[in-house]
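Please read the points below with the sequence and the model open side by side.

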Amino acid sequence: MRLAAAAAALRSTAAALLTRSRSRSRPHPLPSSLRRSSLPLARRRRHSYSSTSTALDDPPATTAPPNVPPSPALPPPAEQGGGRKAVRRRMHNSPEGLLMHKLDICSRDADLPTALALYDAALHPATAIPLSLNHYNRLLYLCSTAAAAESADAARRGFEIFARMEAQGVEPNEATLTSVARLAAARRDPATAFSLVRRVAAAGTPPRLRTYGPALFAYCDAGDADGAGQVEAHMDAAGVVPEETELAALLRVNANKGKAGEVYRVLHRTRSLVRQVCETTAEVVEAWFRSDAAAAAGVEKWDAGKVREGVVKGGGGWHGQGWLGKGQWDVGRSEMDKNGKCQRCGEKLVCIDIDPSEAETFAKLLTKLACKREEARKNFPRFQKWLRRHGPFDAVIDAANVGLYNNKTFNFSQVNSVVNGIQRITKSKKLPLIVLHSSRVNGGPAKLPQNQKLLEGWRNAGALYPTPPGSNDDWYWLYAAVSCRSLLVTNDEMRDHLFQLLGTSFFPRWKEKHQVRLTYSGRGPTFHLPPPYSIVTQESETGSWHVPTTTGDDIENPRQWVCATRKSSVVCATTKTSEESSARPKARLSEMGW
């Protein structure tokens, strides 16, 4: 009944539009996109319509179903008027527009049965509605979503819809082929899913991460590590970077196949791209280290000189020389003390260096992105000039974040307590840089006498920079902290779209070494300084591994780490002395030296 009602409603609307469009006066012609196409069936249509007839063509031989409730009347021509708005209104009220609106609702509600009923109704000879690329994309998306939930009928209908789309000459785009790739993956056909990725690339459209997902996961689910590796190689060639979900799938399929070399490679790639892993990925890592393949992988003798050279070249925390040692692994969860010592095995983690040239490149990227904003094109260079004159600063304070922490209104006294506290920690003679939007400097609580006194003191010390109206103060405090190589005091997680624009592996590494977070009590602020070690997967010179998870934050709860060391094996480095075996890269907290 539900499907019949949906089909009847669509046909009724289309039939009413058909009757009214034919009686409409000549001064109100239909938009060109709704006129009958003169193109032959085999040729692609300019507007991607897939049917040779439309609801506005000559009446078909078959009549509309009887006993259909009347459709709402269209506004008279006088109300429709002219211009772009009128064209858009007529398009929206056209059969194509009404169908798109209904499919959008189905997409929102994940209602595939109704969408398929609408599709079937659009093919009915009595009310044939031309289907565009957008119509097909909505339908294929719904089919692929249902197929992923193990609906064989949804997969079948999806392929039928795609076949008709191609037969009608409608050109697919990346979204289309991604949905069809998901259909192929649901049928456990990774080869077809991968061929669709190659088709996207061959058409000159850059594939996206979502384009590769169906093929990659289908190969991994099928246990085909080689096929998954081919997809990964294609991603690399296209400049598409995998995320944790894709890397975890690669780790799992290679671990299950006992491919120790590939597990080592992907684990290091995870180290560089993800840093801290979620619980699911941590369980994959633990399963690998407990496997017989992991116990058999490795060497009992290695060149300590090459290992040390790899550590220095990589900046510390890993060497990249392959699995060291042999035998079963001792695997479990652990925590680090305040100095980075593992509470389970006693290994001391290191602080991985940041190349100063990376910081300089990152500062240039910040400037470029900030100046793209119209209102910041003059304001940001002005701030850079001011910073060169008054800087450098040992610490930068995101005053908006600090002043509103646990407060409904801005608290200048709270900002001042942080200013004094971080100055004591850095042992600097200068006040830290206080970045605050001009609206907070000139209005609201800023007008109170005691706050005016604070602001005046900060101004006189050259420590206050009010960001101008229309500017985003995030760009200012971040640039200042990066260019001055200073601490940044903020509880901002820096995860929104602004920081996603940075798109670089440098940013999380920099944030880990420079961000100071705060908690408050009755005694005032407590500063949580950057740890004296890097919270990233680390591979020691003796072959042990420590993988940080996202469980815990080292403020309210200790962070959980996966600790993996050899249970018992002959660990022999051909060029090591006993003193060298205990050496570790020197831990540098930051350029400040703590």
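1. Of the contacts in the protein chain with a separation of 6 or more, 72% are between residues 24 or more positions apart, where contact means heavy atoms within 4.5 Å. This is a predicted model, in which local features need pLDDT of at least 70 and side-chain atom pairs count only at pLDDT 80 or more, while totals for chains, interfaces and linings use all residues. Residues are numbered from 1 along each chain as its sequence is written, and side-chain values use heavy atoms, with hydrogens and water left out.

2. The secondary structure of the chain comes to 26 helices and 12 strands, taken as DSSP runs numbered from the N terminus (helices are H or I with at least four residues, strands are E with at least two). Of the 594 residues, 48% are buried, that is, under 20% relative accessible area with a 1.4 Å probe, protein chains only. The chain exposes about 29,000 Å², of which carbon and sulfur atoms supply 51%, by the Shrake-Rupley method with a 1.4 Å probe.

3. Helix α9 (residues 190-202) packs with α11 at an angle of about 15°, their axes being 11 Å apart; axes are lines fitted to C-alpha atoms over the stretch in contact, and angles run from 0 to 180 degrees between N-to-C directions. That angle makes α9 roughly parallel to α11, a term for angles under 35 degrees. On the α9 side the contact is made by F194, V197, R198 and A201, and on the α11 side by Q230, V231 and H234. By class, these residues are 4 nonpolar, 2 polar and 1 charged, where Ala, Val, Leu, Ile, Met, Phe, Trp, Tyr, Cys and Pro count as nonpolar, Asp, Glu, Lys and Arg as charged, and the others, Gly among them, as polar.

4. Helix α11 (residues 225-238) also meets helix α12 (residues 244-256), with axes that come within 9 Å and cross at roughly 150°. The two are therefore roughly antiparallel, the term for angles over 145 degrees. Here α11 contributes A225, A228 and E232, and α12 contributes L250, V253 and N254; the contact divides into 4 nonpolar residues, 1 polar and 1 charged.

5. Leaving aside residues up to four places away in sequence, Q538 touches G317, L349, V350, S544, W545 and H546.

Definitions and conventions
Angles under 35 degrees count as roughly parallel, over 145 as roughly antiparallel, 65 to 115 as roughly perpendicular and the rest as oblique. Buried means under 20% relative accessible area, exposed over 50%, partly exposed in between (1.4 Å probe, protein chains only).
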